[in-house]
Amino acid sequence: MTFRTRYTGLIDKYRDRLPVHDDTRIISLGEGNTPLIRLNNIPGDLGKDVDIYVKYEGLNPTGSFKDRGMTMAVTKAVEEGSKAIICASTGNTSAAAAAYAARAGITAFVLIPDGKIALGKLAQAMIHGAVVIQIKGNFDAGMELVKQVGKEAPVTIVNSINPFRLQGQKTAAFEILEELGAAPDYHCLPVGNAGNISAHWMGYCEYHEHGIVNSRPIMVGYQAAGSAPFMRGEMVDNPETVATAIRIGHPQSWDKAWNVQKESSGWFDECTDEEILAAQKMLTEREGIFCEPASATSLAGAMRDIKSGKIPEGSKVVCTLTGHGLKDPDTAIKQCEGSNKMLKVDATLEEVKKAILDNM
Ligand SMILES: *Cc1c(COP(=O)(O)O)cnc(C)c1O
């Protein structure tokens with residue numbers, strides 16, 4: 001029997017490509033190394049000859065890609081002697097900040113929009129012992145407050161304006177390139193603050209510049225229609241969408257993301273909440289993969305562009321599924337309300353047997 005080396009997180013794996021020193025104390029929960037799953041059924045459903053892979057970032061330790069950035073941000077905060085971190089969050093950043101702060105033994109302060117946070121994310125921030133500050137305002141208002149308070153209190157900001165966040169997140173692109181052995185033709189992501197699409201592009205460019213691969217993908221960013229500043233070409237003041245993780249009207253990586261679009265010859269587009277929810281359901285029912293609504297935006301957009309031919313047949317497409325479906329159980333249950341697969345029967349053999357035979 002041969003023993004394999006234990007996976008100890010993305011900083012350890014990619015330390016040569018990340019801003020850490022040999023003696024840096026690494027704050028890790030084993031993040032990264034997420035599966036790249038090839039869709040078996042959906043391409044056929046679309047009637048198109050395309051290869052679609054989903055990068056299932058929901059399988060990170062706290063259930064979203066935010067862990068990739070947070071391991072770096074908290075590692076560096078601790079290295080610099082910080083005793084507290086702070087973030088504004090639509091939910092997943094606060095969950096990751098809370099967990100990594102607990103791991104490091106420092107305090108996390110998280111500002112979340114009052115009411116509009118998915119249940120699982122709130123539970124995570126609370127159970128890890130973060131100080132949860134609910135504000136009567138949306139993410140964009142919270143982000144402004146965090147930027148101001150960061151200047152006046154001894155706290156390290158761990159939103160994606162912290163450059164170490166994007167350094168950690170670029171490793172997702174490395175993993176994809178290593179697994180596919182080459183760049184995909186298209187890489188589709190949901191876009192909120194646009195940090196993640198920018199980080200992926202950094203990763204793709206780094207391996208390309210160093211001659212590890214000889215091509216880069218076309219980057220495609222999809223937003224929710226009620227929250228689509230990149231489509232409008234300007235900031236949006238009252239963003240609304242069921243995809244709460246991307247309910248962001250004032251993206252922090254605005255210039256970076258436009259640059260990605262130009263350099264990669266990509267585009268931005270928007271999806272309605274109906275399209276997003278339909279894609280989420282399709283993934284669960286047709287492929288057995290459960291992601292949160294925001295994450296399904298990447299596939300919703302990709303499916304539309306594949307159907308229209310904008311993404312041509314023969315393409316290899318990667319869609320990032322940013323967060324796990326269990327983050328937002330309320331939306332999942334709502335998706336199934338009124339479904340004829342939710343039956344209530346008497347506790348008798350006869351009734352249960354009937355329920356089975358009627359539904360074979
Ligand atoms: C944070 C987040 C996004 C958006 O990522 P950005 O870097 O802000 O564009 C998308 N989906 C989920 C689940 C997220 O948590």
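A polar contact is a pair of N or O atoms within 3.5 Å. The exercises below apply this cut-off to a predicted model.

**Exercise 1.** Determine which residues place a polar atom within the cut-off of a ligand oxygen atom, and how much of the ligand the protein covers.

*Solution.* 
1. In glycine 192, a polar backbone atom lies 2.8 Å from an oxygen atom of the ligand.
2. For glycine 195, the distance from a polar backbone atom to a ligand oxygen is 3.2 Å.
3. Lysine 66 takes part through its side chain, where an N or O atom is 2.6 Å from an oxygen atom of the ligand.

**Exercise 2.** Describe the space that the ligand takes and the shell of residues around the ligand.

*Solution.* 
1. The ligand is surrounded by 16 residues, and the closest are Lys66, Asn92, Asn193, Ala194 and Thr322.
2. Sorted by class, the shell holds eight polar, six nonpolar and two charged residues.

**Exercise 3.** State the strand order of the four-stranded open sheet, and identify its edge strands.

*Solution.* 
1. The order is E5-E4-E3-E6, and the pairing is parallel.
2. Strand E5 (131-135) and strand E6 (156-157) each pair on one side only, and these are the edge strands.
3. Strand E3 (residues 84-88) and strand E4 (residues 107-113) run parallel and are joined by five bridges.
4. Cysteine 87 is found opposite valine 110 in E4.

Terms used: Residues are numbered from 1 along each chain as its sequence is written. This is a predicted model: local features need pLDDT of at least 70, side-chain atom pairs count only at pLDDT 80 or more; totals for chains, interfaces and linings use all residues. Side-chain values use heavy atoms; hydrogens and water are left out. A residue is near a molecule or strand if one of its heavy atoms lies within 4 Å of it. A polar contact is a pair of N or O atoms within 3.5 Å; within protein, one must be able to donate a hydrogen and the other to accept it, and residues adjacent in sequence count only if both atoms are side-chain atoms. Accessible areas come from the Shrake-Rupley method with a 1.4 Å probe; for residues, only the protein chains shown count as cover. On a 1 Å grid over the protein atoms alone, a cavity is a set of points where a 1.4 Å probe fits but cannot get out, and a pocket is an open set with protein on both sides within 12 Å along at least five of seven lines; lining residues have an atom within 4 Å of a point. A molecule sits in a cavity or pocket if more than half of its atoms lie within 2 Å of its grid points. Ala, Val, Leu, Ile, Met, Phe, Trp, Tyr, Cys and Pro count as nonpolar, Asp, Glu, Lys and Arg as charged, and the others, Gly among them, as polar. Two strands pair if DSSP finds at least two bridges between them. Helices (H or I, at least four residues) and strands (E, at least two) are DSSP runs, numbered from the N terminus.
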